[in-house]
Amino acid sequence: MDMNLVTLLAILTVAVSQTSETLFPGAFNCCTKISDEIPKGILRRVERFEIQKADGLCHLEAVILYIEGKKFCVSPRIRKVKTWMKKNKHKIPRKKPHGRRQRRTRIMKKKGKKQ
């Protein structure tokens with residue numbers, strides 16, 4: 001009886017791991033489709049970008065452009081995108097880690113009692 005349960009759990013684990021990418025496409029932050037064309041003026045509004053390589057979980061090479069909180073996937077072979085990335089790789093602000101700054105504390109001097 002216990003061997004049947006272990007076998008069933010092993011089969012379920014393998015099945016879920018094989019289909020997890022298709023069941024939960026948002027869990028892996030990969031572009032599944034890329035555009036071969038880019039509209040005029042869209043590169044001026046890009047807040048940041050990332051380069052997706054075709055290794056690991058992601059199977060497509062892509063440039064991920066973030067504009068107003070939305071993600072656009074374009075081909076890295078587009079000439080406009082290549083030249084834009086070379087010109088702007090240092091101009092676009094990267095997300096900084098949110099570290100807490102220590103508040104300044106004011107040292108209050110104790111006033112002596114007048115006698």
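Reader: Why does Arg 77 count as exposed?

Author: A residue is called buried under 20% relative accessible area, exposed over 50% and partly exposed in between, with a 1.4 Å probe and protein chains only. Arg 77 has a relative accessibility of 60%, so Arg 77 counts as exposed. This is a predicted model, in which local features need pLDDT of at least 70 and side-chain atom pairs count only at pLDDT 80 or more, while totals for chains, interfaces and linings use all residues. Residues are numbered from 1 along each chain as its sequence is written, and side-chain values use heavy atoms, with hydrogens and water left out.

Reader: What makes Arg 77 and Glu 61 a salt bridge?

Author: The term requires a side-chain nitrogen of Lys or Arg within 4 Å of a carboxyl oxygen of Asp or Glu. In the pair of Arg 77 and Glu 61, the closest N and O atoms are 3.7 Å apart, so the pair meets the definition. Glu 61 counts as partly exposed because its relative accessibility is 39%.

Reader: How many salt bridges does the structure hold?

Author: The structure holds two salt bridges. Arg 48 also forms one, with Glu 50, where the closest N and O atoms are 2.9 Å apart. Glu 50 has 31% relative accessibility, so Glu 50 counts as partly exposed.

Reader: What makes strand 1 and strand 2 a pair?

Author: Strands (E, at least two residues) and helices (H or I, at least four) are DSSP runs, numbered from the N terminus, and two strands pair if DSSP finds at least two bridges between them. Strand 1 and strand 2 (residues 62–67) have five bridges in the antiparallel sense, so they count as paired. Within this pairing, Ile 51 has Val 63 in strand 2 as its bridge partner. Strand 2 also pairs with strand 3 in the antiparallel sense, again over five bridges, and Tyr 66 stands opposite Lys 71 in strand 3.

Reader: Why do strand 1 and strand 3 stand at the edges?

Author: The three strands form an open sheet with the order 1-2-3 and antiparallel pairing. Strand 1 (48–52) and strand 3 (70–74) each have a single partner strand, so one side of each is left without a neighbour in the sheet.
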